[in-house]
Each structure stands twice: as structure tokens, then as C-alpha cells.
Amino acid sequence: MARFSRYLFAIAAGFLIVLAASLMAFAAYQVGAAFVALLTVLASGDFGYTIIDSIGYVVIAIAIIDVAKHLIEEEVMGRHDAASGFRENFSKFISIISIAIFLEGLVLVFKTTQDDIKLLVYPVLLLLVGVAMTVGLAIFQRFGSSRPRDGGQSGA
């Protein structure tokens, strides 16, 4: 049964890597299409949005690849780290997702201010979610530390 679950995790990790590669390929396609139609894209003002969207896709792909790497190391190869390994991987994953949320919120702020200022509340809420995730991650790192604390006193 353990061998079967390893195969399933290996298949899942491989599928995640294929999906991440697809996201990166789509990002490259978007940038390439923007360069092919450069004058039209520049005239419409969408060049920056296309680039930032592509960056967002690549950032999400990196997070997906990190999850796949974690699956391969932990479940397929059997390298079970201590809690610090989970803490490090989780922190890296949440950081990458927060970056993607901040990028998307930033893009939406600029798009909304050009289109309909009444809808600005939605990108601002998205940015607040990113801030809440970052604060939550900071709290997790602060209180989840496994090293002992001496209460601010030194041994001198």
C-alpha cells in the first residue's frame, strides 16, 4: 500500500509540474503576442498589464513547482524533515502566494482607476487580504519558532 501511495504522489507531483509548465508557457505566449502586436498593445495601454499578468502566472507556477518538489521529497522519496522543514516550505509557499495576490491587486487597482473608480473597493480588499496573509505568516513564524527563547536576557 505504501508503494501505491508513492506512485500516486509521484503522478500528482508530475501533473503539478506539467500544469506549472503550462502556466509558464502561457505567460511566454502572452508576452510574445504582446511583442508581435507591439504597436497595437502600446496604443491600447495594455502592455504593462500583460507583462504583470505574465509575472503573476510565473510566480504562481513557482509556488506550484515548490509544492510538487515538497511532494516528491516527502512522499515519494521518503525524506521526512522535522517540523522546521514544514515551517520553511509553508512559509515559502505563503510568501509566493502573497506576492501573487499583491501583483494582482496592484494590476486591478490600476485597471479599476482607469475604468470605473466605483469598483476600487474590490482591488483594495484583495490587497488587504495580501496584507492579512503577510501578517498571519509573520505571526506563524514568530510563535512557531522551535528554538528556545531566553526572555531577552543574555548569559553575560
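**Note on the salt bridges and a surface patch**

1. Asp66 is buried, its relative accessible area being 10%. The model discussed here is a predicted one. Asp66 counts as buried because its value falls under the 20% cut-off.

2. Asp66 pairs with Lys92 through a side-chain salt bridge, at 3.5 Å from N to O. Lys92 is partly exposed, with a relative accessible area of 31%.

3. A salt bridge also connects the side chains of Asp66 and Lys69, with an N to O distance of 3.9 Å. Here both residues sit in helix H3 (residues 47-76), three residues apart, which is about one turn of the helix. Lys69 is partly exposed, and its relative accessible area is 36%.

4. The count of salt bridges comes to two. Together, Asp66, Lys69 and Lys92 are linked in a network of salt bridges.

5. Apart from the charged residues, a nonpolar patch lies on the surface, formed by Leu119, Val121, Tyr122, Val124, Leu125 and Leu128. Their accessible area together is about 560 Å². One of these residues, Leu128, is placed in helix H5 (residues 121-143).

Note on methods
Residues are numbered from 1 along each chain as its sequence is written. This is a predicted model: local features need pLDDT of at least 70, side-chain atom pairs count only at pLDDT 80 or more; totals for chains, interfaces and linings use all residues. Side-chain values use heavy atoms; hydrogens and water are left out. Patches are made of residues with over 30% relative accessible area and no salt bridge: like charges are joined within 9 Å, nonpolar side chains (Val, Leu, Ile, Met, Phe, Trp, Tyr) within 5 Å. Accessible areas come from the Shrake-Rupley method with a 1.4 Å probe; for residues, only the protein chains shown count as cover. A salt bridge is a side-chain nitrogen of Lys or Arg within 4 Å of a carboxyl oxygen of Asp or Glu. Helices (H or I, at least four residues) and strands (E, at least two) are DSSP runs, numbered from the N terminus. Buried means under 20% relative accessible area, exposed over 50%, partly exposed in between (1.4 Å probe, protein chains only).
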